[in-house]
Amino acid sequence: MAGLRKGKEKKNGRAFLAGFLALAVCLAAFPADARAFGQGGAAWESRGESAAQDVSKDDASKSDGSKSDGSKDDGSKDDGSKDDGSKDSGSKAVRATGIKLNKSSLTLKKGKSATLKATVLPANATNKRVSWTTSNKKTVTVKNGKVTAKAVGTAKITARAEDGGFIATCKVTVKVPATKIALNKKKIYLAKGARAKISTSVKPKDTTDKISWKSSKPGVAAVSGGVITAKRAGTATVTAKTSSGKKATVKVVVSKKPLDAKSLKLSRKTARLAVGKTLKLKASVSPAASTDIVEWKSTNKKVASVDAFGIVTAKKAGTATIVVKTSSGKRAECKITVPGVVLKRTSATVRVGKKVQIAVKFSLVAGDKIKSCRSSDTSVATVTDSGKVRGRSVGTATVTVTMKSGVKAEFNVKVIR
């Protein structure tokens with residue numbers, strides 16, 4: 001009986017296991033929404049379906065790039081920048097790290113302009129504003145990078161970045177090219193072994209050009225710094241050239257022996273010259289082929305000066321004598337008078353309605369008289385052409401006195417009640 005009972009239990013266990021497996025197969029074949037059954041809402045899942053859901057969660061995104069929460073994945077990084085290197089609207093400003101100019105030095109002619117370009121680094125810096133300054137406004141000015149040359153000299157232009165204060169500089173040199181050059185001689189005669197200095201006149205006066213010298217025949221006439229040395233008999237041409245290309249020449253004739261001047265004359269013996277005016281005197285040597293060297297001199301340089309061209313310039317009232325001499329001793333003179341006037345008094349105090357007379361104490365020109373007078377303020381004081389001043393109202397005025405010779409003087413008036 002016991003053996004029969006064990007066999008029966010074994011048979012029943014096998015039947016139960018076969019039934020359970022059949023039930024599992026049926027459940028796996030049912031649709032997902034039909035797998036819930038039984039009371040209390042208990043849910044049964046196949047192992048294959050559970051694994052699929054786990055993979056879906058790990059991916060956390062759909063095929064169109066959207067996440068499981070509905071947002072899109074645009075490839076942004078944690079620091080706000082995108083894979084392509086650009087910043088989104090919430091990114092931080094890019095700070096400047098430096099600044100540079102397109103030129104570190106610049107040469108300009110007076111009156112000309114050029115534009116400097118400043119670049120703030122890096123190229124994608126947020127703030128690219130730049131300020132400009134010059135070290136010498138009288139020489140060079142600058143506005144928004146535009147540099148203008150005002151006068152001869154040098155200046156440093158500085159560009160400063162607003163962000164970080166970084167600077168870059170450019171040295172600007174202002175030059176004035178020569179427009180003309182002239183020599184005090186067109187032809188000169190020299191004896192062998194003699195030396196002569198050739199003077200130049202270059203325009204404009206503030207030119208920055210340098211002058212170079214060259215002889216067509218250094219063996220006949222050598223030149224250095226404008227000083228010609230006669231080497232041997234013959235002819236040569238000496239050329240003076242400015243750095244901007246302007247030229248002037250003098251023909252040099254060298255003889256074996258000196259030829260002294262027989263006579264020397266000036267184009268004027270006397271002359272009257274107002275302050276600031278000039279006069280050119282011409283010296284004539286005979287014979288023309290004389291090898292004598294001619295020199296010019298003023299006896300009073302403070303009144304009137306003279307240069308190697310014979311040009312006299314009046315400096316102030318007075319007299320001076322211009323003397324020209326040859327190396328063999330010939331001499332000629334011209335007396336220069338620079339008109340001047342001295343008033344008996346240069347100022348006066350006068351009451352309203354009263355008068356005062358301007359009078360001349362001394363004039364360098366014989367017989368010189370007052371030609372006209374002019375008041376700087378006729379509401380304070382009026383004046384006649386003869387120099388009679390009348391007070392009109394309280395204040396001060398300056399009367400300018402002009403003599404027939406052209407010289408002028410000033411008379412100061414103070415009007416009181």
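Strand E33 and strand E34 (residues 388-391) run antiparallel and are joined by 3 bridges. Strands here are DSSP runs of at least two residues, numbered from the N terminus, and two strands count as paired if DSSP finds at least two bridges between them. Ala-381 has its bridge partner in E34, namely Gly-391.

These strands belong to an open sheet of 3 strands, ordered E30-E34-E33 with antiparallel pairing. At the edges sit strand E30 (355-357) and strand E33 (381-383), each pairing on one side only. From one strand to the next, the twist averages 20 degrees; angles run from 0 to 180 degrees between N-to-C directions, with axes as lines fitted to C-alpha atoms.

## What you're looking at

This is a predicted model, where local features need pLDDT of at least 70 and side-chain atom pairs count only at pLDDT 80 or more, while totals for chains, interfaces and linings use all residues. Residues are numbered from 1 along each chain as its sequence is written, and side-chain values use heavy atoms, with hydrogens and water left out.

## A hairpin

Now for E15 and E16, which form a hairpin with 2 residues between them; in the turn, Gly-225 has a positive phi of about 60 degrees. The antiparallel pairing of E15 with strand E16 (residues 227-230) spans 4 bridges, and Ser-224 is bridged to Val-227 in E16.

In a regular strand, side chains alternate between the two faces of the sheet. Strand E15 (residues 221-224) has Ala-221 and Val-223 on its covered face, with Ala-222 and Ser-224 on the uncovered one.

## Around Ile-322

Ile-322 sits in strand E26 (residues 318-326). Its relative accessibility is 0%, so Ile-322 counts as buried (under 20% relative accessible area, with a 1.4 Å probe and protein chains only).

Leaving aside neighbours within four places in sequence, Ile-322 has contacts that include Leu-266, Leu-281, Trp-296, Val-306 and Ala-332; contact means heavy atoms within 4.5 Å. Ala-332 is 10 residues away from Ile-322 in sequence, and their C-alpha atoms are 8.4 Å apart.

Definitions and conventions
Buried < 20%, exposed > 50% of the residue type's maximum accessible area, 1.4 Å probe, protein only.
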